Amino acid sequence: MSTSTDAHPATSDGDPGAPLLPLDALPPGWSAGAPDGADTADLHDLLRRHEVAARGRSSAGLADVEADVTGPGRHTRRHVLVSDARGRARGWGTVHDRAAGRVLVSAVVDPHLPDDVAATLADALLGWAERASSALARERGLDLTQMDSGAFAADERQQGFLRAAGFDHTRTWWQMGRPVSEDDADAAAQMHPDLTVRRVRRAGGGMPDEADLVAVHDVLEEAFADHFNYHEETFDEFLSRLREDPGHRWDHWWLAELTQDGETRPAGALVGTVSPGADEAPASTYVAYLGVLRSARGRGVAKSLLRTVVADAAARGRARVSLEVDADSPTGANELYAAEGFVTSYSTQSWHKDVVVSS
């Protein structure tokens, strides 16, 4: 970690004149700085401690932490690591330039800290995140940006940190999943006679067909335009971000197409990723995106895509398929998932704060 002890160190938010964290936010002997590859194991341990305290178990993977800190998408992220006098990670702040006008914010505080120290550190991390978010938005030429953070529904501590920093609880999400068995590999996926579900085509060298990738992007952009907190994302931003995921696989991208009057057009799309199993458990499939064009809804497109990914997971020997859904989904997606055997394992929350970009 690149550390600093004076009041105005070089920062990880791109503003060399602003303090990384105020010194009075840190106990004596503690330090703050931008993490590097040597810190990822320590950050992973901190994240696991946080998740165990917040919901009783951890699903954080070291590869995910490495991707955040040192992966190809690191240019869209800013980090600050707070270490105690022994060099152990005690706090971790992250901002991710997710899309124009939206910055994902995370403040992880060691659950083993005394309440007063934890609250002070959380306030400092979220204050840093606000400055960093403003700097990122200013680089985009924006006057206003949204800080989007999250908390487990059972984590009153994290919710208190966010509330104290001026965030509002805006949405609840259900984390759903279902086990996969060998029988699922034979499940009929195609529901409508004019509907075809296929993987994105692969060209020479194994790379996907660009026209198919553009089709996936366009379908998802239109499908989610009427959903909560939609922010437009360019094709290049979309592709770069998804390729940064350690679980990214091109053969987990599907297109659903409808044929009418002799013309075949995209109707829906699904993007999946691979989640490694804990210890010796089999890997799982995660549905990162499932969207259906408004003009194609009501024809079983979503159900066909969902059954396709379940059958694919079964054929690969996966343990389960998981996904996230808006508890107030405008399309009733949660009802479809429940009907297909998905069960909510835990809930998370979105917390938002609008930030006027400083000059």
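User: How do I read the confidence, and where is it lowest and highest?

Analyst: pLDDT is the predictor's confidence in each residue, from 0 to 100. Where it is low, the predicted coordinates should not be read in detail. Here the protein chain has a mean of 89, with 92% of its residues at 70 or more. The lowest confidence is in strand β1 (residues 2-4), at a mean of 44, and the highest is in helix α4 (residues 156-164), at 98. Over residues 2-19 the pLDDT is below 50, though this stretch has 38 contacts in the model beyond near neighbours in sequence. Contact means heavy atoms within 4.5 Å. Helices (H or I, at least four residues) and strands (E, at least two) are DSSP runs, numbered from the N terminus.

User: Next, cores. Which residues touch the most other members of the largest one?

Analyst: A nonpolar core is a set of buried Ala, Val, Leu, Ile, Met, Phe, Trp, Tyr and Cys residues joined through side-chain atoms within 4.5 Å. Buried means under 20% relative accessible area, exposed over 50%, and partly exposed in between (1.4 Å probe, protein chains only). The largest core has 44 residues, and Val-216, Trp-253 and Tyr-337 touch the most other members. Helix α7 (residues 301-315) gives the largest share, seven residues. Apart from this core lies another, of 32 residues, including Leu-26 and Ala-165. As for Tyr-337, leaving out residues up to four places away in sequence, its contacts are Met-176, Leu-290, Leu-306, Leu-323, Val-325 and Phe-342.

User: How do I read a helix pair, say α5 and α6: at what angle do they pack?

Analyst: Two packed helices are described by the angle between their axes and the distance between the axes. Axes are lines fitted to C-alpha atoms, for helices over the stretch in contact, and angles run from 0 to 180 degrees between N-to-C directions. Helix α5 (residues 210-223) and helix α6 (residues 235-244) pack at about 100 degrees, with axes 10 Å apart. So the two are roughly perpendicular, a label for 65 to 115 degrees; under 35 is roughly parallel, over 145 roughly antiparallel and the rest oblique. On the α5 side the contact includes Leu-213, Val-216 and His-217, and α6 brings Phe-235, Phe-238 and Leu-239.

User: What about Asp-261: where does it lie?

Analyst: Asp-261 sits in the loop between β9 (248-260) and β10 (263-275) and is exposed, at 85% relative accessible area. Check its phi too: near 55 degrees, a positive value in a residue other than glycine.

User: Which class does Ser-106 fall into?

Analyst: Ser-106 is partly exposed, at 31%, and belongs to strand β5 (residues 102-109).

Technical notes. Residues are numbered from 1 along each chain as its sequence is written. This is a predicted model: local features need pLDDT of at least 70, side-chain atom pairs count only at pLDDT 80 or more; totals for chains, interfaces and linings use all residues. Side-chain values use heavy atoms; hydrogens and water are left out.
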